[in-house]
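Student: I am new to this one. Can we go through it term by term?

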Amino acid sequence: MKWTPIEVKTGSRTVFVDITGRIDEEIRKTGIQNGICFIVIQHTTAGLTINENADPDVTRDILVSLSRLVPATGDYRHAEGNSDAHLKASLMGFSLMVPVMNGRLARGTWQGIYVCEFDGPRTRQVLVGVQGEEE
Ligand code: ZN
């Protein structure tokens, strides 16, 4: 399986960036119609998740709730001062696996693929791998 890196620019310290269309574009380039798509983020202060992409208040509510769960300051030892970002990224996770059907992500009506930035703004690298059949 070939892995393709895509760059994702994030505009603020904490933000969810919808990359659903970019993943579908990478799948289209492979010509694979049915199979599986793996998405991996190569960072420790940004994660990946799937959630609603119809109402932007959903990602806002997730970010606000994560900040309540994981305060910016606390009993942290990590000298970089971004322990909250490391914790939030681990809560979200670093990889996703989504079925591919008919050349596209087989996702629910309201599901979008998000890069979850917790220590931006930065440019993040995401690897996309697609395996399957072209027919
Ligand atoms: Zn750090």
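**Reading the terms**

Tutor: Start with the inside of this predicted model. Its largest nonpolar core has 21 residues. Ile19, Ile23, Cys37, Ile39, Val115 and Val126 have the most contacts inside this core. Helix H1 (20-30) and strand E3 (34-41) are among the elements that each supply at least two of its residues. A second, separate core has eight residues, including Phe16 and Phe118.

Student: Which residues does Cys37 touch, beyond four places in sequence?

Tutor: Among them are Ile23, Ile27, Leu96 and Val128.

Student: Which residues coordinate the zinc ion?

Tutor: His78, Glu80, Asn82 and His86 do, at 1.9 to 2.2 Å. Their spacing in sequence is H-x1-E-x1-N-x3-H.

Student: Why is the zinc site called irregular?

Tutor: The angles among its four donor atoms run from 88 to 148 degrees. Tetrahedral needs all angles between 85 and 135 degrees.

Student: Why is Glu80 called exposed?

Tutor: Its relative accessible area is 60%. The cut-off is over 50%, so Glu80 is exposed.

Student: And what makes His86 partly exposed?

Tutor: His86 has 24%. Buried means under 20% and exposed means over 50%, so His86 falls in between.

Student: How do you know that Ser12 is partly exposed?

Tutor: The same cut-offs apply. Ser12 has 30%, so it lies between them. Ser12 sits in the loop between E1 and strand E2 (15-18). Outside its sequence neighbours within four places, Ser12 contacts Glu117, Gly120 and Pro121.

Note on methods: Residues are numbered from 1 along each chain as its sequence is written. This is a predicted model: local features need pLDDT of at least 70, side-chain atom pairs count only at pLDDT 80 or more; totals for chains, interfaces and linings use all residues. Side-chain values use heavy atoms; hydrogens and water are left out. A nonpolar core is a set of buried Ala, Val, Leu, Ile, Met, Phe, Trp, Tyr and Cys residues joined through side-chain atoms within 4.5 Å. Buried means under 20% relative accessible area, exposed over 50%, partly exposed in between (1.4 Å probe, protein chains only). Helices (H or I, at least four residues) and strands (E, at least two) are DSSP runs, numbered from the N terminus. Contact means heavy atoms within 4.5 Å. Donors are N, O and S atoms within 2.8 Å of the metal (3.2 Å for Na, K and Ca); water is not among the atoms, so sites may look incomplete. Four donors count as tetrahedral if all angles lie between 85 and 135 degrees; four count as square planar and six as octahedral if opposite donors are over 155 degrees apart and all others between 65 and 115; anything else is irregular.
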